[in-house]
Structures are given as structure tokens and as C-alpha cells.
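Here are my notes after a pass through the model. Have the structure open while you read.

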Amino acid sequence: MSEKWIYKIDDLKMDNEALLVNETIFHNANGYIGVRSNFEEGYPEGYDTIRGSYINGFYDITEMKQAEKLFGMAEEKETMLNVADGQTICVYLDGKKFSMFDGEVLSSSRWLDMQNGYTARKVLWKAPNGKEVDIEIRRMASFSHLQVFVIDYQVTPVNFSGEVIIESEHQGNVRNYCNPNDPRVAGESFQHLIPDHGVVENGASYLITNTVSSGLQVCTGVKNTISAGETETGEIVLEGHHAVQKFIIQAKQGEAVRFVKYMVFADSIRYQDAQTSAKDEMEAVSSVPLEQLYKEQREYLDKFWESSALEIDGDDALCAAVRYNAYQLIQSVGKDPYCDIAAKGLSGEGYEGHYFWDTEMYMQPFFTLTNPEVSKNLVEYRYSTLDKARENARILGHKKGAAYPWRTIRGRECSGYFPSGSAQYHISGDIAYSTVAYYLATGDLDFMAEKGAEIIFETARMWVDLGCWHKGTFQIHEVTGPDEYTCLVSNNYYTNLNAQYNLHWAVRLYKLLKEAGKLEPVAERIGLQESEIEEFEKAEKAMYLPYDEKLGINPQDDSFLNKAVWDFENTPKEDYPLLLHYHPMHIYRYQVCKQADTVLAHFIFEDAQDMETIRKSFAYYDKITTHDSSLSTCIYSIVASKLGLADKAYEYFGDSAKLDLFNTHQNTKDGIHTANMGGNYMAIVYGFGGFRLKESGAWFAPALPKQWDAYRFKLIYLGRHIQVVVNKEGTTFTLESGEPVQIHVYGEECLLENSLHFPLK
Ligand code: BGC
């Protein structure tokens with residue numbers, strides 16, 4: 001086991017808060033399923049635990065009560081469900097159950113192996129009667145069999161030979177977690193899954209369950225296998241929606257009893273007959289040796305790390321955190337067009353499994369550059385919900401175009417608070433932006449003709465309908481930018497630039513597709529007229545971008561600079577995040593930012609302003625941004641890098657790298673912060689590496705943080721595999737495969753044939 005791939009902790013502290021955080025940190029997921037890292041044997045009464053297993057994109061519909069029924073407000077939302085639990089495995093020695101809270105825990109550790117793709121727990125336990133067992137448990141959500149989760153449980157008697165009893169459960173009566181005091185998780189608990197029936201077949205139990213309102217079905221299967229000399233294997237006892245199986249083993253001192261529990265998941269969104277699919281998959285997976293599954297897992301990850309490895313020399317702890325973050329991205333991202341990446345991946349119930357702009361602006365860039373097929377799938381998912389976005393646009397009063405919902409699972413708006421929900425129109429531009437980024441990185445015009453362009457034309461139509469003309473400029477009113485501490489404003493700088501880019505690309509793609517003879521099908525499909533393209537171009541050219549002459553900065557919006565600055569000096573530390581301590585109206589009245597907004601614009605649309613404006617803007621917003629959102633420090637790090645503010649860039653980068661591993665936002669128990677993890681990757685590649693993907697090509701401007709000896713990353717650009725190594729001698733670009741390609745380094749255009757070397761600037 002190579003240390004660099006391991007994230008390990010000692011588990012001796014049984015502090016409840018730490019246990020909850022570790023349930024998230026050590027969860028197993030593969031983009032389809034996610035299982036929190038709960039102790040198999042459970043917890044004593046009074047302990048808080050979020051025992052959860054989730055399927056990406058599998059949801060029920062819940063009522064969202066609106067106290068005042070205004071027209072068009074979302075009254076229902078989609079919620080990701082905690083489906084059946086198969087984690088429970090209990091070990092008994094002379095009737096005494098193994099528990100971390102009983103007897104004596106002589107040693108205990110848990111770790112994540114990012115090379116082999118499993119988590120593990122090792123405990124040396126002394127029962128109250130003096131018998132000692134060594135327990136080692138591995139858990140894996142398979143990347144090669146997305147429906148499969150396995151627990152590989154080994155018990156070795158240390159100082160005795162005798163009876164060991166193992167009991168394994170399959171529990172279908174589960175509920176989602178809730179916390180009425182935190183707006184970031186569901187406020188109410190509700191029984192979303194209604195048992196349909198259960199069956200026992202071929203040594204496995206299957207529980208078939210229906211959702212209350214969304215008309216969906218899920219089938220989970222559990223099969224227990226054991227390898228030990230003398231074992232009495234009990235029948236599977238199925239009662240209601242709960243199955244138990246008991247094994248009585250005559251164990252020998254020093255000999256491991258290996259108990260393997262397979263769990264499969266099948267839902268009716270992907271599979272026509274969930275039950276048949278679960279059974280077929282169970283048969284397939286339990287008939288091959290487990291070692292085969294481990295081998296496939298390793299092969300999958302070898303490929304993943306080969307294309308996306310990020311290495312830092314000179315700071316091992318930080319390097320491990322960065323690797324952890326990248327691993328979470330591949331665990332979280334949906335691998336089929338029925339799903340996306342939830343704000344918490346598949347690690348917890350924060351934000352109810354919803355997809356936000358987080359995907360397009362924070363996580364997708366990682367995949368666009370290292371795994372374009374996954375990125376394409378993310379665009380396909382948005383394409384599959386385009387009709388819903390059209391419906392949403394009508395609800396919001398637009399005669400044409402598409403407006404993507406702020407948060408969703410299957411495409412409907414699931415945000416109940418429109419000022420920081422539906423009003424965040426920029427999400428439509430963000431989706432267009434990342435669709436363009438996919439095209440710029442791959443040159444895949446066919447996909448644009450088939451799907452991508454339709455998203456861009458439809459969102460462009462919405463912008464034209466949303467904006468208005470005022471004194472020769474095109475303006476956008478009553479929207480909310482990325483900063484959720486400032487809502488319903490006019491001419492949010494980020495939004496206007498993002499709309500402008502969307503309009504620009506609608507015009508550009510129209511021409512590109514026309515030239516390539518690929519325009520007709522999409523134009524016909526959506527009835528696109530040449531006159532609309534003229535309209536797009538006019539609005540793009542006349543887009544109003546607020547600028548303050550006196551300060552030499554871009555105001556976040558028309559009224560932002562007229563407000564009083566928040567009284568930071570007299571705000572106690574414990575009042576952060578502000579959203580949990582102040583009424584929104586109170587916050588909105590001040591100059592205070594939850595997250596990067598104008599500063600984000602200076603990164604994404606950097607060519608819109610000169611360096612001096614960006615420098616002044618950064619200094620201004622840096623003072624008034626609380627970073628209460630996890631989407632913020634990574635962006636500040638990138639822009640600080642651009643401005644040559646090395647210390648600041650490094651500090652913000654460090655904050656973002658450690659956010660979940662150190663639980664700095666105090667809510668990791670509800671799930672990982674996937675956007676921050678993607679942003680952390682960007683802080684290296686776009687920040688220190690100075691990478692940009694533009695219509696004019698791939699641009700690099702690497703710098704080396706003084707704390708590091710070197711760093712390396714890889715990316716795939718127009719089908720070429722490029723490695724970038726930055727060390728004290730400079731930067732070396734190596735073309736690992738593909739035809740020679742033009743790149744820009746420190747503003748200079750050059751042809752990358754084999755390798756190129758540049759001293760640092
Ligand atoms: C942020 C949003 C983000 C959401 C989900 C909020 O706290 O302000 O920008 O989309 O979390 O991560």
C-alpha cells in the first residue's frame with residue numbers, strides 16, 4: 001500500500017461530531033450510488049448518525065409550502081432519497097455484540113485508498129469477557145459495476161478459538177435526515193419510500209420499494225457470503241421490509257473469517273424492470289471472485305489518475321488534500337445522462353441531492369480538461385432537461401427561450417426562495433459557458449450541432465427576452481448574481497458578462513455550423529431565424545457593464561456601491577456564516593459578499609477589463625467578502641495568482657484544499673463540498689498554472705508557489721495529452737500523445753511538438 005494514495009486517521013475518539021464528519025469523509029460512491037461511512041454495528045442510543053445510501057438522480061416529489069401563494073412559485077420540489085440500508089453487520093462473541101462503545105478498543109484506524117478505490121477500517125477489540133478479535137473491513141462502490149456496493153468484512157480471533165456469530169441485515173424502512181434549523185438541509189422528515197414487496201431468491205434478499213409521489217421504484221438486493229471452516233448458515237428471514245441472516249461460525253485462533261456482503265441497487269429511471277436488473281446484476285457480480293472486482297476498480301482508477309494526476313512536491317499534506325478532492329470528484333460525478341453532480345456529491349443529504357451552477361462553473365472544468373467524455377455527459381444531462389428549462393422560462397414570464405432552474409434533480413425548479421433561487425439567471429449562461437468550454441477543449445462540432453448549440457440558442461433567446469434597451473445599452477434588471485448576500489439587483493456585472501458571452505456564442509455557433517453545413521437540423525428543430533441572430537449580436541455588442549470611474553472598479557451591480565459597508569469590526573466570529581444569524585433583508589442592505597461575484601467575473605471573463613481595474617476590484621471585494629460560501633476562496637486564489645499576489649493566492653488555496661478534511665465550514669457532516677473541490681483543482685491549473693481555455697486557444701502562464709519544489713498536471717486539449725511540469729528551473733510542456741498543437745505560453749504562441757521549456761516569469 002503506497003502511502004501517497006492513503007488518507008488515514010486514528011479513530012479512537014468517539015466524539016459524535018467527528019463521527020458524523022467521518023461518515024462523509026469516508027463515504028463510498030461511484031457516481032451512481034453513494035453510501036455513507038456508518039459503523040456496520042451501529043451506535044448506542046442517543047448518538048446522532050446519518051445512515052444513508054443514495055442513488056444519483058433518484059428522487060421523490062415533496063410539497064414545498066409557500067406561506068403566500070404568489071403566481072409561479074415552486075410548490076413542489078424533488079428530493080434525493082435515502083434508499084434501503086445494507087450496511088448493518090453485527091458480530092457477537094458469547095452473546096456480546098462488538099461495539100466501539102463497549103469492551104475495550106485496543107486500536108482503531110480507518111483510511112481511504114485512492115489508488116485501489118476502497119475505504120477500510122481496522123479495529124482490535126477486547127470484549128468484556130477478555131476475548132480479542134481483529135476486525136478489518138473494506139468497503140467499495142464499484143466503478144466497473146455501478147450498481148454494486150460491497151462490504152468485505154474479516155474477523156480474526158486473536159486469543160481464542162470458538163463461536164463467532166455474524167448477523168447481517170437489509171433494512172427497507174428508512175427515512176431521509178432532516179434539521180429544521182438549517183436551511184442547507186431538508187427541514188422535515190417524511191416517509192418517501194413505501195414498501196411494495198420483498199423476495200428471497202438464490203440466497204439473496206430483494207426489497208422493492210415505491211416512491212410516494214414521483215412514480216418511481218427502486219429495488220435493492222443483498223447477498224451474504226462467508227468463507228470459514230465450520231459454519232452454520234441461517235435462512236434469510238424476511239419480515240415486512242427487513243431481512244436478516246445469521247451465521248454461526250466455529251472460528252479458529254489466528255484464522256480470518258471472511259464475510260462478504262454484496263448490495264445491488266436498481267431504479268426504474270434507468271432500468272425498465274428494477275427487480276430483474278437487480279437480480280441479474282447480483283448474479284453477475286457474486287459469481288466472479290471478489291478479487292476480480294478489486295482488480296477492475298484498480299484498473300479504472302489507474303486510468304483516471306493517469307489522465308488527471310495532480311502532484312505537488314514540497315508539501316505532502318496539501319498534495320494529499322488535493323488528491324482527496326480529485327478522488328471525490330470522480331466518486332461524485334454522474335456517469336449517465338440521467339444525472340449530474342450534486343452539490344454534496346453522493347455523500348450526504350445537504351441541499352437534498354440538488355444540482356446547481358456548481359457543476360458547470362466549478363466541477364465540470366476538471367472533467368472537460370481531463371475526461372471529456374464525462375464532461376460531455378454533463379452537457380447531455382442538461383440537454384435532457386432543456387424542455388423543462390423552456391417550461392421554466394414561460395413560468396418566469398419569458399415568451400421564448402430557456403431558463404434553467406437554480407436547483408433541481410430532473411429539471412424543475414426546486415428552489416423555494418426565489419431571491420437567491422430562480423433570480424440567479426446566470427445559471428443559464430453558466431450552462432452555455434461550460435458547453436462552449438467542452439467544445440473549445442475538444443473541437444466536437446458534431447455534438448454542438450446535435451445538442452450543445454440548442455442549449456446555447458435557447459438560453460440566448462431567454463437573455464434577449466429578459467433584458468431591455470435603455471439609452472442605447474442592453475441592460476438586465478431584477479436578477480441575482482452569484483453573491484447570495486445581494487439579491488434582486490440591476491445589471492449584476494457577472495450576469496451581464498455571462499449573458500454577453502452566451503449571446504456571442506449563439507452568433508458564433510450559428511456561423512460555424514452554417515459554414516460546416518450542420519446548421520439546418522437544429523435551426524429547423526427550434527425555428528431559429530436569421531433575424532434572431534441579428535438581435536443576439538445587437539444585444540451582445542450593446543451589453544451594459546457597470547464601471548465606477550472614481551474607484552476604477554466594476555461595481556457588483558447598479559446599487560451596490562451606494563450601500564453602507566457591513567460593520568465587520570463589530571461582527572463577532574460566531575456570527576459567521578451571516579446567513580444563519582441575520583435576516584436576509586438585513587444582509588442585502590449592506591456591501592457584504594458571501595462569495596466571489598465580480599472577482600469571479602474577473603477570472604471567467606478576464607478580457608473584459610484591463611489589469612488595473614481587476615487589481616483594484618480584487619482589493620475592494622477582498623475586504624468585504626466573508627467566504628461564507630465554499631465556492632469562494634478558490635476563485636480568490638485564482639485571481640490573486642493572476643495578479644501576482646502569491647501569498648494571498650497560496651493562503652486562499654490552502655483554505656480551499658482543506659475545507660472538508662478539516663471541516664472548516666462546520667457542515668461536512670451533511671456532505672462534501674464538491675464545488676470547492678473542483679475549484680481547488682482550478683486554483684492549481686488556472687491559478688498557479690495560469691491556464692485559460694479561449695476561442696484563441698490554450699493559454700498558460702505558470703508560476704511556482706515558493707512553498708513548493710514542483711507541481712505537475714495533465715490535460716487533454718483537442719485530443720492531445722499534454723503534461724505540464726513546473727519546477728524551480730521553469731516549466732516543461734510535454735506532448736504525450738497526438739499531433740503537434742499550438743499553445744500560448746506567457747502570451748507567446750508556440751508549437752508543441754515534443755516538448756517545450758520556459759523559464760519562470
Ligand atoms: C452558494 C451557491 C451554491 C450553493 C450550492 C450556496 O451556499 O451560495 O452559490 O450554488 O451553495 O453549493
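**Notes on the model**

1. The criterion is NZ of Lys or CZ of Arg within 6 Å of the ring centre and within 35 degrees of the ring normal. Lys279 does this too, with its charged end over the ring of Tyr206 at 5.7 Å from the centre.

2. Some ground rules. This is a predicted model, where local features need pLDDT of at least 70 and side-chain atom pairs count only at pLDDT 80 or more, while totals for chains, interfaces and linings use all residues. Numbering runs from 1 along each chain as its sequence is written, and side-chain values use heavy atoms, with hydrogens and water left out.

3. On to the ligand. Which residues surround it? They are Ala343, Tyr351, Phe356, Trp357, Asp358, Trp406, Glu484, Lys594, Gln595, Ser629 and Leu631, going by a heavy atom within 4 Å. For polar contacts (a pair of N or O atoms within 3.5 Å; within protein, one must be able to donate a hydrogen and the other to accept it, and residues adjacent in sequence count only if both atoms are side-chain atoms), an oxygen atom of the ligand is 2.5 Å from a side-chain N or O atom of Asp358. For Lys594, the distance from a side-chain N or O atom to a ligand oxygen is 2.9 Å, and a polar side-chain atom of Tyr351 lies 3.1 Å from a ligand oxygen. The protein buries 93% of the 310 Å² that the ligand exposes when taken alone (Shrake-Rupley areas, 1.4 Å probe; for residues, only the protein chains shown count as cover).

4. Aromatics next. The whole structure has 47 aromatic pairs, meaning Phe, Tyr or Trp rings (for Trp, the six-membered one) with centres within 6.5 Å; planes under 30 degrees apart are stacked, over 60 edge-to-face, and the rest tilted. Trp357 and Tyr494 make an edge-to-face pair, 6.4 Å centre to centre with 70 degrees between the planes. Trp357 is in the loop between α4 and α5 (358-370) and Tyr494 is in helix α10 (residues 493-515), so the pair ties together parts 137 residues apart in sequence. Helices here are DSSP runs of H or I with at least four residues, strands are E runs of at least two, and both are numbered from the N terminus. Both of these rings belong to a cluster linked by ring pairs, along with Tyr351, Phe356, Tyr362, Trp406, Tyr433, Tyr501 and Phe605.

5. Is Trp357 buried or exposed? Buried, at 2% relative accessibility, and Tyr494 is buried at 0%. The cut-offs are under 20% for buried, over 50% for exposed and partly exposed in between (1.4 Å probe, protein chains only).

6. Helix α4 (residues 316-332) has 17 residues and reaches 24 Å from first C-alpha to last, close to the expected 24 Å, taken as 1.5 Å times one less than the number of residues. Of its 17 residues, 14 are buried.

7. Finally, some backbone geometry to look at. The Tyr576 to Pro577 peptide bond is cis, with omega near -5 degrees, and Pro577 sits in the loop between β23 (564-565) and α13 (584-588). Glu352 has phi near 55 degrees, positive in a residue other than glycine; Glu352 is in the loop between α4 and α5 and is buried at 8%. Tyr746, also not a glycine, has a positive phi of about 45 degrees.
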